[in-house]
Amino acid sequence: MSKFPADVALVVIDLQPDFMPGGALPCVDGDGIVPGIAALLSQRQYRTVVATQDWHPADHASYASQQPGQLPFETILLHAQPQTLWPDHCVQDTPGAVLHPGVDWTPADLILRKGTRREVDSYSAFRENHGPDGNRPPTGLAGWLHERGIREVHVCGLARDYCVLWSAQDAVKSGFRVKFLWDLTRPVTEANDAMVREALAKAKIAIV
């Protein structure tokens, strides 16, 4: 029995082993949100569930290993936009890129893989980062949700200060009401939490 109306969807962002403690790009206490998200799905609280999956080629441009002389977490310009460089993570067909095995993903209606293009990073579930042409290409998720009659989106997952935040902001721009399930997110760095709260307030996104 769904707890939420049929026009509310849950979007679970990048709940993957590489973002957990011991993974290639760990979030603070990243595994702490797995039981709560697993419960939401097992209890069928949402009629529509989307899961995103970071799914990079091994030579992805966002990896510090692909930028000579650069180190992880340094910033470069990529397509004239600031780009944080990351440790190699969520490489296609590796154990760290799978959806977390601690969750039964059967209720997911859609699994959206992102970051699949070598030259373009992709934080948001709704739009890739800036590409060579200066635009942020849509992933198609907004249209898929609109066609299913979704009016409100609840976001959770990893990482709070990057992919979940960008997804929430782009969901608003795509015409949805948005709620940010704060306790079911974790950051790359807790020092960014104040920035995240400020950005959510500016976008009029409710924190629940």
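## Close-up views of a predicted model

**View 1. Ser167 and its surroundings.** The side chain of Ser167 has a polar atom 2.7 Å from the backbone oxygen of Cys163. This is a predicted model, so every distance here is computed from it. Ser167 is part of helix α3, which covers residues 160-173. With a relative accessible area of 0%, Ser167 is buried. Looking past residues up to four places away in sequence, you'll find Ser167 touching Ile13, Tyr123, Ser124, Ala125 and Phe126.

**View 2. Val196 in helix α4.** Here we move to helix α4, residues 193-202, where Val196 sits. Is Val196 buried or exposed? Val196 counts as buried, because its relative accessibility is 0% and the cut-off for buried is under 20%. Neighbours within four places in sequence aside, Val196 makes contact with Arg160, Asp161, Leu165, Phe180 and Trp182. Leu99 is another story: 97 residues separate Leu99 and Val196 along the chain, and their C-alpha atoms are 25 Å apart.

**View 3. Strand β7 and its partners.** Strand β7 takes in residues 177-186, and seven of its ten residues are buried, so the strand is mostly covered. One partner is strand β6 (residues 152-158), which pairs with β7 in the parallel sense over six bridges. If you want a spot to start from, take Glu152, whose bridge partner in β7 is Arg177. Together, β6, α3 and β7 make up a right-handed β-α-β unit. Another partner of β7 is strand β8 (residues 206-207), again parallel, with two bridges between them. Lys179 has Ala206 as its bridge partner in β8. To get from β7 to β8 the chain passes through α4, and this β-α-β crossover is right-handed.

**View 4. The whole sheet.** Now for the sheet that these strands belong to. Six strands line up in the order β5-β2-β1-β6-β7-β8, forming an open sheet with parallel pairing. At the edges are β5 (110-114) and β8, each of which pairs on one side only. Elsewhere in the sheet, β1 and β2 run parallel and are joined by four bridges. Within that pair, Val11 stands opposite Val50 in β2.

**View 5. The largest nonpolar core.** How many residues does the largest nonpolar core have? It has 58, and Leu10, Leu15, Leu41, Leu145, Phe176 and Phe180 are those with the most contacts inside it. At least two residues of this core come from each of β1 (8-13), α1 (34-42), β2 (48-54), α2 (141-147), β6, α3, β7 and α4. The element that gives the most is β1, with six residues. For a closer look, pick Leu10: apart from its neighbours within four places in sequence, Leu10 is in contact with Leu40, Leu41, Tyr46, Thr48, Val49, Val50, His154, Cys156 and Leu181.

View 6. Most residues other than glycine have a negative phi, and most peptide bonds are trans. With that in mind, look at Leu158 and Ala159, which are joined by a cis peptide bond with omega at about -10°. Ala159 belongs to the loop between β6 and α3. Two aspartates are worth a look as well. Asp14 isn't a glycine, yet has a positive phi of about 50°. Asp29, also a residue other than glycine, has a positive phi near 55°. You'll find Asp14 in the loop between β1 and α1, and Asp29 is in the loop between β1 and α1 too. Which of the labels, buried or partly exposed, goes with Asp14 and which with Asp29? Asp14 counts as buried, because its relative accessibility is 0%, while Asp29 counts as partly exposed, at 39%.

**View 7. Stepping back to the chain.** To finish, here's the chain as a whole. It has four helices and eight strands. Starting at the N terminus, the elements run β-α-β-β-β-β-α-β-α-β-α-β. The C-alpha trace spans about 55 × 35 × 30 Å along its principal axes. For a chain of 208 residues, a compact globule would have a radius of gyration near 17 Å, so the chain's 16 Å agrees with that. Of the 208 residues, 52% count as buried. Among contacts with a separation of 6 or more, 71% are between residues 24 or more positions apart.

Methods
Residues numbered from 1 in each chain as written. Predicted model: local features only at pLDDT ≥ 70, side-chain atom pairs only at ≥ 80, totals over all residues. Heavy atoms only, no water. Buried < 20%, exposed > 50% of the residue type's maximum accessible area, 1.4 Å probe, protein only. Polar contact = N/O pair within 3.5 Å; in protein donor to acceptor, adjacent residues only side chain to side chain. Contact = heavy atoms within 4.5 Å. Pairing = 2+ DSSP bridges. Right-handed = clockwise from strand over helix to strand, strands pointing away. Core = buried A, V, L, I, M, F, W, Y, C linked by side-chain atoms within 4.5 Å. Rg over C-alpha atoms; globule rule 2.2 N^0.38 Å.
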